[in-house]
Amino acid sequence: MSKTKDIARRRIDIQPVGSDQKIDVQFVKSGNLSSSIRNTYKTLDNDKRLKEMQEAVSNQYKNPVKVQKLSFQGLDNLEDSVVCNFSYQVNNEVAEIGSMQTFKINYQDVVASVDKFSAEERTYPIEYWNYEDADLYETVVKITAPEGKKFIEVPASENFSFKNLKYSLQYSLKTPTTLVVTRNFINDRPQQILPADYPSFKAFFEKIVKLEQKFIAYK
């Protein structure tokens, strides 16, 4: 029997309102990733679940966040996936530059971080499974510009890889007021990163982090 893949799928709808954002999220965690969600939320009542999610989302922002709705499917069974839907508002997340409004997308699931790979070189191989618990990340972000506004700055799409790590970030302007961003990250967790490959591996992660800091702008 083949092993269930550990997959994190997320759908994010962002609607800027003045300097704030209203955000609706659905995430599906499969395989071992569903276990951690069950361990965190299964035994909590609704109020404590909301408080737990409030803390989790707030930790991803510097600005004030208010989680308004939260529901789960699959917490109480042993199916391979858990589904969560929630809505929240984050204040002062949209910056104004002249006549433009701009912000960075919070993808929520972190696929690359350079914090653990700050050394310039390595003596021993990296066992990649020590740093990663998902086989696949799939994130689709739909952004709707406010009434009377349209997108004016859309970053270029990117698609690149390092060995068995594959990353893509695709921007699709469906209409002048609707932008869809699709991010995928596929990896081979059992692989080793040899010391000789470490500089290229580090550069790969640094490129992802830089790309995900780009701004979306409309006016």
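Student: Are Phe 86 and Tyr 88 buried or exposed?

Tutor: Start with the cut-offs. Buried means under 20% relative accessible area, exposed means over 50%, and partly exposed is in between, with a 1.4 Å probe and protein chains only. Here, Phe 86 and Tyr 88 are both buried. Keep in mind that this is a predicted model: local features need pLDDT of at least 70, side-chain atom pairs count only at pLDDT 80 or more, and totals for chains, interfaces and linings use all residues. Residues are numbered from 1 along each chain as its sequence is written, and side-chain values use heavy atoms, with hydrogens and water left out.

Student: How many aromatic pairs does a search of the whole structure find?

Tutor: First, the rule. Rings of Phe, Tyr and Trp (its six-membered ring) pair if their centres lie within 6.5 Å. Planes under 30 degrees apart count as stacked, over 60 as edge-to-face, and the rest as tilted. The whole structure gives 19 aromatic pairs. Phe 86 and Tyr 88 make a stacked one, with 5.8 Å centre to centre and 20° between the planes.

Student: Why is the pair of Phe 103 and Tyr 218 edge-to-face?

Tutor: Look at the angle. The planes of Phe 103 and Tyr 218 stand at 65°, with the ring centres 6.4 Å apart, so the pair is edge-to-face. Phe 103 lies in strand S6 (residues 100-104) and Tyr 218 in strand S14 (residues 215-218), so the pair ties together parts 115 residues apart in sequence. Helices (H or I, at least four residues) and strands (E, at least two) are DSSP runs, numbered from the N terminus. Both Phe 103 and Tyr 218 are buried.

Student: Which residues do ring pairs link into a cluster?

Tutor: Among them are Phe 117, Tyr 128, Phe 160, Tyr 167, Phe 185 and Phe 201.

Student: Where does the charged end of Lys 207 sit?

Tutor: A charge sits over a ring if NZ of Lys or CZ of Arg is within 6 Å of the ring centre and within 35 degrees of the ring normal. The charged end of Lys 207 is over the ring of Phe 160, 4.2 Å from its centre. Lys 29 lies over the face of Phe 27, at 4.9 Å from the ring centre.

Student: What is Tyr 167 in contact with, leaving aside its neighbours within four places in sequence?

Tutor: Contact means heavy atoms within 4.5 Å. Beyond those neighbours, the partners of Tyr 167 include Phe 160, Arg 183, Phe 185 and Glu 212. Tyr 167 lies in strand S11 (residues 165-175). Its relative accessibility is 1%, so Tyr 167 counts as buried.

Student: Which side chain does a polar contact of 2.8 Å join to Tyr 167?

Tutor: A polar contact is a pair of N or O atoms within 3.5 Å. Within protein, one must be able to donate a hydrogen and the other to accept it, and residues adjacent in sequence count only if both atoms are side-chain atoms. For Tyr 167, the partner at 2.8 Å is the side chain of Glu 212.

Student: What does the side chain of Glu 212 meet in a salt bridge?

Tutor: A salt bridge is a side-chain nitrogen of Lys or Arg within 4 Å of a carboxyl oxygen of Asp or Glu. Glu 212 meets Arg 183 at 3.1 Å, N to O. This pair links distant parts of the chain: Glu 212 is in the loop between H3 and S14, and Arg 183 is in strand S12 (residues 178-186), 29 residues apart. Glu 212 is buried at 13% relative accessible area, and Arg 183 is buried at 0%.

Student: How many salt bridges are there by this rule?

Tutor: The count is eight. One of them joins Arg 11 and Glu 138 at 2.8 Å, N to O. Arg 11 is partly exposed at 35%, while Glu 138 counts as buried at 19%.

Student: Which residues touch the most other members of the largest nonpolar core?

Tutor: In soluble globular proteins, nonpolar side chains tend to be buried together. A nonpolar core is a set of buried Ala, Val, Leu, Ile, Met, Phe, Trp, Tyr and Cys residues joined through side-chain atoms within 4.5 Å. Here the largest core has 54 residues, and Phe 185 and Phe 201 touch the most other members. H3 gives the largest share of this core, six residues.
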